[in-house]
Amino acid sequence: MKKPIIYISRQIPAELLHPYKDRYQFRMWDKEAVPVPRDVLLKEVQDADGLICLLSEKVDESLLKVAPNLRVIANLAVGYDNINLEATKKEGVVVTNTPDVLTETTADLGFALLMASARRIIEANHYIKTNQWENWAPFLLAGSDIHHKTIGIVGMGRIGEAIARRATGFGMKILYHNRSRKVNAEEVLGAKYVSIDELLRQSDFVVSVVPLNEETEQLFNEEAFQKMKNSSIFINISRGGVVDESALIKALKANQISGAGLDVFAEEPIDREHPLMKLSNVVCLPHIGSASMETRRKMIELCLENADGVLQGTGPITPI
Ligand code: DGY
């Protein structure tokens, strides 16, 4: 009998496919760091039963139209704003993501970005390596404290809670805003639910962990930055689309806020000539929230288990 075909849109370690070798015919784009061109993807999915893809692959009607056998799309990310869920539902294609396995790793990165921004770690590293360090000075590269400050978490999902857990270790006051109240975060972590306006006004660190959707698109706009303290730092580890980047640049240049730490951008990869790249009070990372060796392997394994579950009829582990 013909084995079902699973197309994988990026090169992944071959040994992770071994447990499934007898069951599927795997085809894979042969580059790890370069996305599959759209025309190749559209050709490859034509006879595929399963697709394992990344955020860089737009899954829309035009893809589904050419892939009549497709039964499962396993997205290698917890976010799924690259996928048109209405279209997949209409076609009866199951979509899965990779929650849980990346929660702690992404929260680590969020906190690292917060700390790097507050304590000017990247600037300091550049300073010493470019031979600028001549003297100790009282305010040399002085940043702002983290401990006992107020963190405002926008989007108290799994990652938001994991960031809050880290914040408790720093004695921080934790505010959060979310669609629904989070009893665990309030009772166990002492987080306080506030309106978005109150959060913006009171927080020393505003951390965006919200998914990108119609409600959150450009949530952080000119008005939002105006509400924030002049001393506050904006951290974004969710999606670039939740920020009006022109408003952010304006706020940073006008010292309306004091800095930003960004792992995500409206356009990725961001152009190196982009104004955000030129600001010394902005720490930029190339969307590496979940990028630890351990977690990326777990994410790939979960995608394979999800695809296998759907194609074998036992059901996916983490359907959307
Ligand atoms: C996610 O999982 O959504 C990340 O942003 C990509 O790793």
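Residue numbers start at 1 in each chain and follow the sequence as written. Since the model is predicted, local features are reported only at pLDDT of at least 70 and side-chain atom pairs only at pLDDT 80 or more, while totals for chains, interfaces and linings take in all residues.

The chain splits into domain 1 (5-99 + 293-312) and domain 2 (103-284), with bounds from an automatic or database domain assignment. Their centres, taken over C-alpha atoms, sit 32 Å apart. Where they touch, domain 1 puts in 4 residues and domain 2 puts in 5 residues; contact here asks for C-beta atoms, placed from the backbone, within 7 Å. On the domain 1 side that makes 1 nonpolar, 2 polar and 1 charged residues. For these classes, Ala, Val, Leu, Ile, Met, Phe, Trp, Tyr, Cys and Pro are nonpolar, Asp, Glu, Lys and Arg are charged, and the others, Gly among them, are polar.

Next comes the sheet. It is open and parallel, with 5 strands running in the order β2-β1-β3-β4-β5. Strands (E, at least two residues) and helices (H or I, at least four) are DSSP runs numbered from the N terminus, and pairing takes at least two DSSP bridges. Neighbouring strands are turned by 15 degrees on average, direction ignored. Strand β4 (residues 72-75) meets β5 over 3 parallel bridges, and Ala74 has Thr96 of β5 as its bridge partner. Helix α11 (residues 293-312) packs on this sheet, touching β1 (5-8), β3 (50-53), β4 and β5, and its direction makes about 165 degrees with that of β4. Axes are lines fitted to C-alpha atoms, for helices over the stretch in contact, with angles from 0 to 180 degrees between N-to-C directions.

Around the ligand are Leu55, Ala77, Val78, Gly79, Leu102, Gly289 and Ser290, counted when the C-beta atom, placed from the backbone, lies within 6 Å. By class, the shell has 4 nonpolar, 3 polar and no charged residues.

As for the backbone, most residues other than glycine have a negative phi, and most peptide bonds are trans. Glu268 and Pro269, however, are joined by a cis peptide bond with omega about -5 degrees, and Pro269 falls in the loop between β11 (259-262) and β12 (282-284). Asn131, not a glycine, has a positive phi of about 65 degrees; it sits in the loop between α5 (121-129) and β6 (150-154).

Technical notes:
Two residues are in contact if their C-beta atoms, placed from the backbone, lie within 7 Å.
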